[in-house]
Amino acid sequence: MEGSCAGFRKELVSRLLHLHFRDSKTKVSGDALQLMVEFLKIFVVEAAVRGVRQAQAEGAVLVDLDQLEKVLPQLLLDF
């Protein structure tokens, strides 16, 4: 991906992951954490792109929650 993307802080992703672990002693390696950061960045960019395409197909000038809700099932099935 080119351009400047802010991305996600590793600390935030780590906390989000740990919130959903059943065992509080579960550890995440640095590589796994970096992989999740990249995955989330790609997921969000893809959601934005699909939202824009949906808005364009509907003749809308701006993307709003309606377009994102329409593309969300596609994203969850593709990933």
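1. Start with K41 and E38: both sit in helix α2 (residues 30-57), 3 residues apart, which is about one turn of the helix. Helices here are DSSP runs of H or I with at least four residues, strands are runs of E with at least two, and both are numbered from the N terminus. The side chains of K41 and E38 meet in a salt bridge, at 3.6 Å from N to O. That term stands for a side-chain nitrogen of Lys or Arg within 4 Å of a carboxyl oxygen of Asp or Glu. E38 is partly exposed, with 30% relative accessibility. On this scale buried is under 20% relative accessible area, exposed is over 50%, and partly exposed is in between (1.4 Å probe, protein chains only).

2. A quick word on what you're looking at. This is a predicted model, where local features need pLDDT of at least 70 and side-chain atom pairs count only at pLDDT 80 or more, while totals for chains, interfaces and linings use all residues. Residues are numbered from 1 along each chain as its sequence is written, and side-chain values use heavy atoms, with hydrogens and water left out.

3. Back to the charges. Side chains of opposite charge can pair when their charged atoms come close. The count of salt bridges comes to 4. One of them joins E58 and K70, with the closest N and O atoms 2.7 Å apart. E58 lies in the loop between α2 and α3 (65-78) and K70 in helix α3, so this pair ties together parts that are 12 residues apart in sequence. E58 is partly exposed at 35% relative accessible area, and K70 is partly exposed too, at 44%.

4. Now have a look at E11 and R9. They form a salt bridge as well, their closest N and O atoms being 3.9 Å apart. E11 is exposed, with a relative accessible area of 54%, and R9 counts as exposed at 60%.

5. Is Q67 buried or exposed? Q67 is buried, at 3% relative accessibility. You'll find Q67 in helix α3. Leaving aside residues up to four places away in sequence, Q67 touches G51, Q54, A55, E58, A60 and L62. Contact means heavy atoms within 4.5 Å.

6. R22 counts as exposed, with 90% relative accessibility. R22 and V37 are 15 residues apart in sequence, and their C-alpha atoms are 21 Å apart in space.

7. Zoom out to the whole chain. The protein chain has 3 helices and 0 strands, in the pattern α-α-α along the sequence. Its radius of gyration is 16 Å, well over the 12 Å that the globule rule gives for 79 residues, so the chain is more spread out than a compact globule. That radius is taken over C-alpha atoms, and the rule is 2.2 Å times the number of residues to the power 0.38. The C-alpha trace spans about 50 × 30 × 20 Å along its principal axes.

8. What share of the 79 residues counts as buried? The figure is 16%. Among contacts between residues at least 6 apart in sequence, 48% join residues at least 24 apart.
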